[in-house]
Structures are given as structure tokens and as C-alpha cells.
Amino acid sequence: MVKRQNELVKRMTDGQLLQQLYFTQILLLTISIFLSMMLFNRLSDFQAIWRPELAEILLIGGFTAVIVLIGDWIIMRTMPKEWYDDGGINEKMFRRRSLPHIFFLCLIISFTEELLFRGVIQTHFGIWTASFIFAILHFRYLTKGLLFIMVILISLLLGFVYNWTGNLFVTVFAHFLIDLVFAIQIRMQYINGGEKNE
């Protein structure tokens, strides 16, 4: 199944891949809204998980992102590339995007995924359930043991940070920074030589 998905991705144009990404994010947002209406007793309960405390968001969210980025940097310097290669999906998604578009995509992805997995699922069913479902959603990593473990660990870290702060803005910001740095790195590698190899 994973191999079949990788083959499908290779055959997709950039536009088709982008459409799939937007479709997935709209679907996740719709599921989040539906589940929020079912699971939160009052609007005030839902509002309570969003606290616009700038210092907490920047410091804790930023520190969380730095931990993940350092861990990723160590893995990329010490492990064989095939262990953390995702089959080119992320590269195909971000290599030709403009920086404003990358910023927007990372913002949408971090918001919808954190809303669903931390804000709704973790709040009502716990960190382990949220992390398991988050990992399964990234099923293309199932055949890549290191990537799958990394996804689970990142999800657990974000989950612990959410449990600690009770503030979804913190994990949205951390998730956004992680995705943004990875996406810009892909874009810069493409600009600095990747397009010559096509």
C-alpha cells in the first residue's frame, strides 16, 4: 500500500499534489469542527485551550521546535539517507513553492493537525490515542522505521507540551516552526542545485 502511494505521488504533478494537500487539510478541519461540536460541552471549554500568551507561545513553542530540529539535524548527520528518506513527497511538495506559499502551507498544516490531534483528540482521549492516530495518519512512514519512530516521538513531545501548558497556540507555533524550517530547507536545496539535476 505504501509503495503504491509512493508510485502515485511520483506520477502526480505539483498541482495535483498541492490539491491533495489542500483537500486533506480541509477534511481534517471539517472533522475537527464536527468533533469539537460533539465533544466540547460548552464553547468556553473550547476557548479555554486557546490562550494568546505571547511569551509562552514564543518561548515554549520555540524551544520545542528547536529540540526537534536539533534531533533531526543529528539524525541527518549520523544515519544513512535511505533511513530518513520519505520517498520524495515532501521534496516534491515544497521545492518549487514560493516562500509566502510555504509559510501559508505550514501555517494551515500546523493549525489543522494541532487542532485535531492535540485540541480535540488529546483533550478528550489522551496523549497516547492522539499520538497513535497522528502516526497512523502519516502511514507512508510505516515502512521507514526511523521516520515512523520520529513521527511518534514528535507527536508525543507536542502532546507533553500541550499537557504541560494547556495552550494549543504553543503546539501550533512549535509545529509551524518545525514544518517551516524543513520546507525552507527543501526549497533552498532545490534552488542551490537541485533544479540542475532535473
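This is a predicted model: local features need pLDDT of at least 70, side-chain atom pairs count only at pLDDT 80 or more; totals for chains, interfaces and linings use all residues.
Local features require pLDDT of at least 70 and side-chain atom pairs pLDDT 80 or more, whereas totals for chains, interfaces and linings use all residues. Residues are numbered from 1 along each chain as its sequence is written, and side-chain values use heavy atoms, without hydrogens and water.

The protein contains 10 helices and zero strands (DSSP runs, H or I of at least four residues for helices and E of at least two for strands, numbered from the N terminus). Its C-alpha atoms fill a box of roughly 55 × 35 × 30 Å along the principal axes. Of the 198 residues, 43% are buried (under 20% relative accessible area; exposed is over 50% and partly exposed in between, with a 1.4 Å probe and protein chains only).

The axes of helix α7 (residues 99-125) and helix α9 (residues 145-165) come within 11 Å and cross at roughly 60° (axes are lines fitted to C-alpha atoms, for helices over the stretch in contact, with angles from 0 to 180 degrees between N-to-C directions). The contact (heavy atoms within 4.5 Å) involves Glu114, Arg118, Gly119, Gln122 and Thr123 of α7, and Ser155, Leu158, Gly159, Tyr162 and Asn163 of α9.

Phe103 also lies in α7. This residue is partly exposed, with a relative accessible area of 43%. Not counting residues up to four places away in sequence, Phe103 touches Phe176 and Leu180. The C-alpha atoms of Phe103 and Ala183 are separated by 8.8 Å, although the two residues are 80 residues apart along the chain.
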